[in-house]
Amino acid sequence: MIELEQDRNQFPREPLRLMSRVYKFILPDVRKELEGWRKVAGEIPDPELRKQALASIQTKEFHCQGGAVYAAANLPKRHILIPLIVAFQTISDYLDNLCDRSTSMNADDFRLLHQSMLDAVNPETELEDYYALREEKDDRGYLHQLVQTCRDNIALLPGYYAAKPYIQDLVGLYTDLQVYKHIKPSLREDALIQWWDQHKERTPHLQWNEFAAATGSTLGVFMLFLAASNEELDRGSAETIRDAYFPHVCGLHIMLDYLIDQEEDEIGGDLNFCSYYDSKEIMLERIAYIVEGARHDIKKLPASSFHRMIIEGLLALYLSDPKVSQQQEIYDVSKRLMKRSPLMRLFFFANSKWIRKRL
């Protein structure tokens, strides 16, 4: 990673510096981007597509805020990184809503919808009619605009060629997950286990649900976007970044997301990867194991203190969510995960609560 050493000085190294950039630059820019997309979504003719597009922006803004934190490590390029990250994450959230509350359970439909994410990171491909296999079709170009925004900003990343194969790898896994997790409930677990069986040599120490969770995170993609803002990025460095984020950092991200959504998913009949453990104690042990794996993996990256803040920030962000206090069992798990927390995590915990109050 010698070729990226010059970037060390751009990375915020301590929580105060990071949060200063977040409050001053990241949150306002994300809000501006989302306001633009909210206006476009509000003009979608099809009522169901409009409903899900607006809901994904309204209820999942913190996904874009969290992803855009990576732009804090290269403020001069934030005019590229923030629109790119917000557009890509908005595609993810919109399609997740469409599939979760879908009028179809057609795997081919889900795969065609998510082809938009693969096309967003591969500017050489032709855009498709991503709604061709579903009844709801007329979004007045909303999804195409999101995809094109990603491609336009990717074209401004000088190191993208080196990062591209590893971004495509992660987005490909993400797409597979979204297909298998949204098919008929009677089929999805077997489909996910068969899919894991094809890939388990990549993560032999993880259970099938933990591998699946790791594929559901966009953080590795965002870190590679950030790395691609450096013209000296090479493929070896991009591969190191991918391996430092997948599976543990990515897995931690989504396991925490599922942890706090257990009650909500049970009511909605949605798949939840935290529900496959035999006990609360085993779930806690496995999440703690993934945390340690994440901490170990990021040590191979330059400016590892920044990535350590990402890990502690994830724990703080999810464990401070209001959903935690509404679920006694999850509250108990949260207390145990927060026990003996380092000051860094407590700092991010307090800031996460403050940011939510301002939304």
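**Close-up views of a predicted model**

**View 1. Asp-96 pairs with Lys-60 in a salt bridge, with the closest N and O atoms 3.3 Å apart.** A salt bridge here is a side-chain nitrogen of Lys or Arg within 4 Å of a carboxyl oxygen of Asp or Glu. Asp-96 lies in helix 4 and Lys-60 in the loop between helix 2 (47-59) and helix 3 (61-68), so the pair ties together parts 36 residues apart in sequence. Helices are DSSP runs of H or I, at least four residues, numbered from the N terminus. The model is predicted: local features need pLDDT of at least 70, and side-chain atom pairs count only at pLDDT 80 or more, while totals for chains, interfaces and linings use all residues. Residues are numbered from 1 along each chain as its sequence is written, and side-chain values use heavy atoms, without hydrogens and water.

**View 2. Asp-96 also forms a salt bridge with Lys-181, the closest N and O atoms being 4.0 Å apart.** This pair links Asp-96 in helix 4 to Lys-181 in helix 7, 85 residues apart. Lys-181 is buried, at 11% relative accessible area (buried, under 20%; exposed, over 50%; partly exposed, in between; 1.4 Å probe, protein chains only). Asp-96 is buried at 14%.

**View 3. Asp-169 and Arg-202 meet in a salt bridge (2.8 Å, N to O).** Asp-169 lies in helix 7, and Arg-202 in the loop between helix 8 (185-199) and helix 9 (208-215). Asp-169 is partly exposed, at 21%. Arg-202 is partly exposed too, at 30%. Salt bridges with shared partners join Asp-169, Arg-202, Arg-242 and Asp-243 into one network.

Definitions and conventions:
Helices (H or I, at least four residues) and strands (E, at least two) are DSSP runs, numbered from the N terminus.
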